[in-house]
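Subject: Structure handover

Hello,

My notes on it follow below.

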Amino acid sequence: MIPHDLGVLFDELADAGTATRYHLDRPFDLAPTPGGPGAGEWTVPELARLVRETAGALATAGAGPGRRVAIVKANHWDYDLIACAAIRTGAVPVKLSDHLAPGVLRVLLERCAPHVLVTDLDVLGRDPAAGLASAARTTLVVGPPGDLPPGVTRLDELSGQPDPGPHPRDTDAPLVVVHTSGTTGVPKLVSHTTRTLVHHLARFETLPMPRIGLRRDDSLFNASSYAHGRTICWTAVAPVRAPRHITLSSGARPETADLLLRAHPPTVVEALPSHYVRLRPLTRRLDNPFRDVRTYISTYDAVHPPVIRSYLQASARRRPMWMQGWGQSETGPLTFAFHTRRSVARPPGGAATTVRDLGRPIPLKTRLKAVDPETFRPVPAGTPGLILCRTRALAPDYVGESGRWTAKRHGSWWNTGDIAAIGRDGSVRLLDREVDHLPGFSCLRAEDILEDRLPEALECVVLARTGADPLPVVVTEDGTLEPASWKRAARDVPGLAEPVVVGWDEVPRTGTGKVRRAALLERLTGSTETCGTGRWT
C-alpha cells in the first residue's frame with residue numbers, strides 16, 4: 001500500500017527495507033555532482049534523505065502550507081523528487097515542462113501564482129523579456145553552474161536547513177498541479193487531490209494483476225516526460241512492490257539509452273510514444289536490450305502498429321504483452337488495450353493493421369458513453385460520437401480557468417473532447433480528437449495504415465483541414481521519401497493530398513513528444529483552421 005502522504009513516500013519505503021536501486025542516465029539537476037556519490041545510482045534511503053534536504057531548502061525559500069511551488073527545468077526524474085519535497089513542506093507543487101515557450105510559461109505562472117519557482121539557467125535565459133525570474137517571490141536555480149540573474153538563488157546554497165517535517169493535508173485539498181499536453185494552444189493546469197491521485201489512481205495500480213503486476217525480481221525502465229502528471233503517480237507506485245532495479249532515462253538518445261538498458265536489462269518498460277519511436281533502432285540488433293521484456297506500457301498518445309510489432313518481436317519471452325492506456329491528465333486512465341504478437345501481426349493479402357481499439361472501460365471505476373456533439377444525445381452502438389466519461393479519479397478543477405472546466409461538464413459526465421465509437425461489447429474505437437476530426441474519416445486510422453506500409457517512416461501524421469484534402473506528413477530520418485513508396489502505401493486510403501516529407505526535428509512537439517498538429521498545419525499551410533470546433537480542448 002502506498003503512503004497517504006507523498007511527502008513521506010521514500011521515508012516509509014526506507015523504513016520498510018525496500019532494496020530497490022535507482023539508476024540514472026545522468027546526475028540529477030537537483031544534485032549535479034558528476035562522478036560523485038549518487039551520481040548514477042541511488043538507494044531508497046538516499047532518496048529519502050535528498051527529499052528531506054530539499055524540503056528544508058524549499059521551506060527556507062518560503063514554501064509552506066497553502067503556497068505553490070512551480071517546477072520548470074530540464075527533463076529528469078528529480079521533478080518528482082522536488083514535488084515530493086514541496087508536498088512535505090505543505091505546499092502544492094506545480095509541474096511545468098521546459099518544452100513550453102517562455103510566453104506560455106509566463107501565462108501559466110501567472111495563473112498559478114507560485115511563492116517559489118524552481119528552474120534552471122537555460123529556462124531563464126531563453127527569453128529575458130518573459131521575465132520568468134520575477135514570476136515568483138523566490139526563484140531557485142538547479143543544474144549546471146553559471147551567472148545568476150539578479151535576485152535569483154541557487155537551491156544548493158540553502159542546503160543544510162532543517163527538515164520542516166511532513167505537513168498532512170485534507171484528502172480533498174490540492175495535492176499537485178500538472179498541465180495538459182498543450183497540442184492546441186496554452187495547456188490547462190489540472191489540480192489533483194490526494195483522493196483523486198493517490199486513492200483512485202496510484203492505489204489501483206498497486207493491486208496484484210496477473211502477468212502485468214510488478215514482481216520483486218523485475219527490472220523497470222522508464223523514459224518519460226517527468227514534468228507531466230503520469231510520472232508523479234508512477235513515482236508513488238513503482239517501488240511499492242520493491243523491484244530489483246528502476247532505471248530512468250531523461251532523453252531519447254539511442255546511444256545513451258542503449259548503455260543504460262544493457263547495464264540493467266529490463267523486464268518492464270514504460271516510455272513515451274515518441275521515445276519508443278526514437279529507440280526503435282535498438283530492437284533491430286541481434287543483441288537487442290529488450291530480450292527479457294515481458295510487458296511494455298504506453299500512455300499519452302497513439303502508438304502505431306509497426307512500433308508495437310518491433311518491440312514485441314524483440315522480446316525473447318514466450319508471450320510478451322503491450323499495454324496501451326487511454327485517458328487524460330484530468331481523468332487518469334479510462335481504458336486499457338492489450339496487444340500481442342498475434343494481434344499486431346500483418347494480415348495476409350497486404351491489408352494493414354490498425355490499433356484504434358482502446359479496449360473497454362476499467363471495471364467498477366469508469367463509465368463511458370458516445371453522444372452527438374450537437375445535441376448530446378446518445379448515439380447508437382458503433383456510431384462515432386463525442387466521448388463522455390464518469391470516473392472518481394476526475395480532478396476537481398483547472399487552476400485559473402474554472403469557467404473552462406465548467407464548460408466541459410455535462411451534468412455528472414465529463415467531456416473528453418475525443419471522437420470514438422463504442423461497440424455493443426463496450427470496446428472503444430478511437431477516431432480523432434474532436435478539434436481534428438473530419439466526419440467520415442479518421443486521421444489516426446490513416447496514420448496506422450501508412451506507417452504499416454512505410455518501413456522507412458519514423459512517423460506519419462495526417463492533418464484534417466477545411467476546404468482541402470487531408471494533408472499527410474511523413475517523417476523520415478533524412479527527410480526524403482521515394483514517390484513509388486508513397487504511391488504503394490496510399491493506394492487504398494482515399495482523398496489524401498500529396499505528402500509533405502520532413503525530418504524529425506522539423507515537427508513541433510509537446511514535452512511528451514505529441515505532435516502539435518495546429519502548429520504543424522500552420523507551418524505547412526499558413527492556416528490553423530481545422531475541421532472540428534475545438535470547443536472542448
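Strand β12 (residues 268-271) pairs with β13 in the parallel sense, over four bridges. Strands here are DSSP runs of E, at least two residues long, and helices are runs of H or I, at least four, both numbered from the N terminus. Two strands count as paired if DSSP finds at least two bridges between them. Across this pairing, A271 stands opposite S298 in β13.

Strand β13 (residues 295-298) is covered on both faces. T295 and I297 lie on one side, Y296 and S298 on the other, and all are buried (under 20% relative accessible area, 1.4 Å probe, protein chains only). In a regular strand the side chains alternate between the two faces of the sheet.

A word on the source. This is a predicted model, in which local features need pLDDT of at least 70 and side-chain atom pairs count only at pLDDT 80 or more, while totals for chains, interfaces and linings use all residues. Residues are numbered from 1 along each chain as its sequence is written, and side-chain values use heavy atoms, without hydrogens and water.

Now the whole protein. It has 14 helices and 25 strands. Of its 537 residues, 59% are buried. The C-alpha atoms fill a box of roughly 65 × 50 × 50 Å along the principal axes. Among contacts with a separation of 6 or more, 68% join residues 24 or more positions apart (contact means heavy atoms within 4.5 Å).

Best wishes

Key
Buried means under 20% relative accessible area, exposed over 50%, partly exposed in between (1.4 Å probe, protein chains only).
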